[in-house]
Amino acid sequence: LRPTFPGMLRSIRKNLFNLVLIIDPMDAKSKGILKLAESFYVHRAPVRIGVVFSVSTDETKTGENDAAVALNNAFNYISTNKQAYDALAFVTDVYGDVAESDQLTVSVIKDAFMESYGSDVKLADVFAEDSEYDVGRQLAAEFIEKTGLVS
């Protein structure tokens with residue numbers, strides 16, 4: 001074993017640790033933990049990172065009228081068409097654009113999405129009711145329920 005400084009993760013094998021974050025996108029406290037996860041990736045810590053968004057399973061809520069669903073759709077689009085790190089960086093950038101006292105809104109998410117990926121896709125393809133990126137809400141809710149972290 002090589003010596004390490006106190007508080008550092010020992011690098012024994014790649015992807016030895018798993019970090020699964022269950023995030024409520026509308027909670028302002030999510031910003032800090034997502035920035036920490038992003039720094040793990042940037043500094044090449046031996047961690048696999050998973051993000052589960054706790055969003056409403058109500059079918060009437062879409063990316064057009066609910067900010068949590070809009071962020072989920074944008075994350076799914078970016079992680080599918082770009083890289084997973086780009087999706088995580090987009091989410092942390094969106095939280096960075098919102099002041100501490102302000103609430104995350106659909107317009108803030110759409111503006112940030114258009115600024116970064118607007119030339120690649122139409123907004124309706126990502127945020128509309130029949131979007132192919134509006135997936136995983138029911139699976140995420142079932143996963144959260146199985147973990148016992150339901151409040």
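Figure 1. Valine 98 counts as buried, at 12% relative accessibility; the term buried denotes under 20% relative accessible area, exposed over 50%, and partly exposed the range in between, with a 1.4 Å probe and protein chains only. The model is predicted, so that local features need pLDDT of at least 70 and side-chain atom pairs count only at pLDDT 80 or more, whereas totals for chains, interfaces and linings use all residues. Residues are numbered from 1 along each chain as its sequence is written, and side-chain values use heavy atoms, with hydrogens and water left out. Valine 98 lies in the loop between helix 3 (84-97) and helix 4. Helices (H or I, at least four residues) and strands (E, at least two) are DSSP runs, numbered from the N terminus. Apart from neighbours within four places in sequence, valine 98 is in contact with Gln103, Leu104 and Val108, contact being defined as heavy atoms within 4.5 Å. Between the C-alpha atoms of valine 98 and phenylalanine 113, which are 15 residues apart along the chain, the separation is 14 Å.

**Figure 2. Helix 2 against helix 4.** Helix 2 (residues 67-81) and helix 4 (residues 106-117) have axes that come within 8 Å and cross at roughly 20°. Axes are lines fitted to C-alpha atoms, for helices over the stretch in contact, and angles run from 0 to 180 degrees between N-to-C directions. Helix 2 and helix 4 are therefore roughly parallel to each other; angles under 35 degrees count as roughly parallel, over 145 as roughly antiparallel, 65 to 115 as roughly perpendicular and the rest as oblique. The crossing of these two helices is left-handed, a term used if the near helix is turned anticlockwise from the far one by less than a right angle, with clockwise giving right-handed. Helix 2 contributes Ala67, Ala70, Leu71, Ala74, Tyr77 and Ile78 to the contact, and helix 4 contributes Val106, Ile109, Phe113 and Tyr117. By class, this contact of helix 2 with helix 4 has 10 nonpolar, no polar and no charged residues. Ala, Val, Leu, Ile, Met, Phe, Trp, Tyr, Cys and Pro count as nonpolar, Asp, Glu, Lys and Arg as charged, and the others, Gly among them, as polar.

**Figure 3. Helix 1 against helix 3.** The axes of helix 1 and helix 3 come within 10 Å and cross at roughly 140°. The crossing of helix 1 with helix 3 is left-handed. On helix 1 the contact is made by residues including Leu34, Lys35, Glu38 and Tyr41, and on helix 3 by residues including Leu88, Val91, Thr92 and Tyr95. The contact divides into 9 nonpolar, 3 polar and 3 charged residues.

**Figure 4. Salt bridges of the model.** The count comes to 3 salt bridges, each a side-chain nitrogen of Lys or Arg within 4 Å of a carboxyl oxygen of Asp or Glu. Lysine 35 pairs with glutamate 38, the closest N and O atoms being 3.7 Å apart. These two residues are 3 residues apart in helix 1 (residues 30-42), and therefore separated by about one helical turn. Lysine 35 is partly exposed at 41%, whereas glutamate 38 is buried at 10%. Lysine 110 forms a salt bridge with glutamate 64, at 2.6 Å between the closest N and O atoms. This pair links distant parts of the chain, 46 residues apart: lysine 110 in helix 4 and glutamate 64 in the loop between strand 2 (47-53) and helix 2. Aspartate 134 and arginine 137 meet in a salt bridge of 2.9 Å, N to O; aspartate 134 is buried at 18%, and arginine 137 is buried at 7%.
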